[in-house]
Amino acid sequence: MLHIGTHGFLWLAALSLIQTVEFCSSAEIPDVPSIATYFGTKTRYEEVKPNLLRDPLTVNTSVLRPPPGEFCTPFHVTAIIRHGSRFPTIKNIRRIHRLSELLQNETSRTSESSTGWLVELRNRWEPWYTEDMDGRLVRKGREDLQFLAQRLATLLPSLLSEENVRKRRIHFVTSSKHRCVSSVEAFQEGLQQHWGCHDSAQGYNHEVDDELMRFFERCRGYVEGVENNHTALLEVEKFKHGEEMQAVRRRLAEKLGLSLHLLTPDLVEAAFFICSYELSIKSIHSPWCFLFDESDAKVLEYSFDLKQFWKRSHGHLISSLSSCPLFHHIFRTLDKAGRPRRSTEAGPEPASVLVGHAETLIPLISLLGLYKDQTLPTASNYHSQHGRSFRTSRIIPYAANLLFVLYDCQRGPRLQLLINETPLRFPNFQTEDAPLYRDVRAAYRYLLDGCDFNTECERKPEGRGPNTEL
């Protein structure tokens with residue numbers, strides 16, 4: 001059941017409207033825009049896992065890869081999960097309305113062959129987004145988490161078991177944001193559906209912890225040095241006003257019949273976002289999608305990736321260091337699960353599920369040393385960055401997930417990392433899918449012994465310019 005919030009009447013009206021057009025059957029495969037894989041953090045999970053379009057419960061058990069010659073049993077999983085598909089936030093809702101008003105009010109300057117676009121967008125499409133929606137989870141977003149829970153229960157049945165669900169032996173943590181609380185509830189619903197143990201009287205079981213899941217708000221060094229530092233995203237601003245983006249603007253202005261000076265880079269992004277929202281919320285191929293070809297989409301995706309790189313990832317060291325509390329929490333949980341016990345002691349907690357944001361996962365992934373390209377992405381090297389590993393469309397779609405699976409093996413505990421249900425090797429262990437846990441811990445010793453949140457976050461930012469240290 002969705003939370004209604006304080007704007008009950010308006011929200012119910014909006015929800016009623018949207019539910020009539022949202023995705024109703026997982027068996028139906030909608031017409032997917034060719035640019036759907038370039039939406040950055042607004043990408044559907046199905047673009048990363050396209051097999052789920054046909055069967056959202058498809059599971060490939062071969063992704064669990066302890067050493068083949070060693071008997072191993074999974075005995076704990078820590079899952080860091082992004083919320084599911086959501087409505088736009090107020091900022092983008094307002095941009096969408098500005099763009100729509102611009103189309104309605106401006107005289108068409110398109111050629112006769114282009115008029116069809118304006119007819120379609122002016123007469124058949126209306127900006128149905130309201131500010132009440134502000135980033136709330138949509139029904140498709142609940143399905144994202146319900147299906148994910150069921151797939152993980154199939155993949156790790158002894159950990160996300162019926163008994164563990166019934167006895168509440170699985171620890172759930174969430175950010176306070178409505179979309180995250182709704183997502184963790186949907187995940188629990190998915191587990192109950194999987195095991196047929198749904199009990200409405202049981203209610204939801206989760207802990208709200210913004211210090212853990214929204215650490216970026218509490219880190220003064222990050223807030224002052226990056227978030228509120230106008231020079232920190234200099235590369236992003238340069239690219240938004242650079243040659244590649246200007247070419248996209250010109251093409252879009254011509255198609256829409258708008259004067260170039262009216263179509264700002266922010267409104268170009270808004271048009272692109274409409275395409276992504278219509279797909280992720282309603283599962284439809286919006287007419288807005290036809291305004292962009294693949295080359296346009298790649299430019300916009302690069303603009304999004306530049307922003308995430310310089311704001312949340314390797315571009316500034318403090319961005320990844322701000323995730324130290326979450327990093328330490330994960331390893332404390334793994335330590336506790338893996339420590340030897342007497343026969344009289346209770347067994348380890350089988351699973352820990354933490355639900356947060358793209359802004360939660362990206363700094364953590366960066367702190368772990370993942371997706372670290374040799375060359376920094378900048379405003380001037382777009383054409384040499386097509387093979388980059390840091391692509392948020394592939395790494396952080398809606399419902400993105402980072403899994404730490406701990407195995408009990410003959411030589412000792414082993415740890416495997418998966419991202420979006422796909423094996424991912426630790427940076428220092430490129431030949432092993434599941435290295436010994438003690439070796440992984442030793443590789444991150446410098447962070448486990450250091451990376452003090454108060455020390456790093458209270459340190460005064462040096463200078464006004466960006467820190468380009470990788």
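Helix packing and the sheet

Reply: In this predicted model, helix α9 (residues 220–227) packs with helix α13 (residues 294–312) at an angle of about 135 degrees, the two axes lying 10 Å apart. That angle makes α9 oblique to α13. On the α9 side the contact is formed by Tyr-222, Val-226 and Glu-227, and on the α13 side by Trp-310, Lys-311 and Arg-312. Sorted by class, the residues of this contact are three nonpolar and three charged, with no polar ones.

Helix α11 (residues 243–256) and helix α12 (residues 265–282) pack with their axes 10 Å apart and at an angle of about 70 degrees, which makes α11 roughly perpendicular to α12. The crossing in which α11 passes α12 is left-handed. Met-245, Val-248, Arg-249 and Leu-252 of α11 meet Pro-265, Val-268 and Ala-271 of α12 in this contact, and the residues involved divide into six nonpolar, no polar and one charged.

Turning to the strands, seven of them form an open sheet with mixed pairing, in the order β3-β2-β4-β1-β5-β6-β7. The edges are taken by β3 (207–208) and β7 (422–424), each of which has a single partner strand, so one side of each is left without a neighbour in the sheet. Strand β1 (residues 72–82) pairs with strand β5 (residues 401–409) in the antiparallel sense, over nine bridges, and within this pairing Pro-74 has Tyr-407 of β5 as its bridge partner. Helix α15 (residues 324–338) packs on the sheet, where it touches β1, β4 (351–356), β5 and β6 (414–419), and the direction of α15 makes about 160 degrees with that of β1.

Strand β2 deserves a separate description. Spanning residues 170–174, β2 is mostly covered, with four of its five residues buried. With β4, strand β2 pairs in the parallel sense over five bridges, and Thr-174 stands opposite Val-355 in β4. With β3, which also runs parallel to it, strand β2 is joined by two bridges, and here the bridge partner of Val-173 is Glu-207 in β3.

Conventions: Residues are numbered from 1 along each chain as its sequence is written. This is a predicted model: local features need pLDDT of at least 70, side-chain atom pairs count only at pLDDT 80 or more; totals for chains, interfaces and linings use all residues. Side-chain values use heavy atoms; hydrogens and water are left out. Axes are lines fitted to C-alpha atoms, for helices over the stretch in contact, and angles run from 0 to 180 degrees between N-to-C directions. Angles under 35 degrees count as roughly parallel, over 145 as roughly antiparallel, 65 to 115 as roughly perpendicular and the rest as oblique. A crossing is left-handed if the near helix is turned anticlockwise from the far one by less than a right angle, and right-handed if clockwise. Contact means heavy atoms within 4.5 Å. Ala, Val, Leu, Ile, Met, Phe, Trp, Tyr, Cys and Pro count as nonpolar, Asp, Glu, Lys and Arg as charged, and the others, Gly among them, as polar. Two strands pair if DSSP finds at least two bridges between them. Buried means under 20% relative accessible area, exposed over 50%, partly exposed in between (1.4 Å probe, protein chains only).
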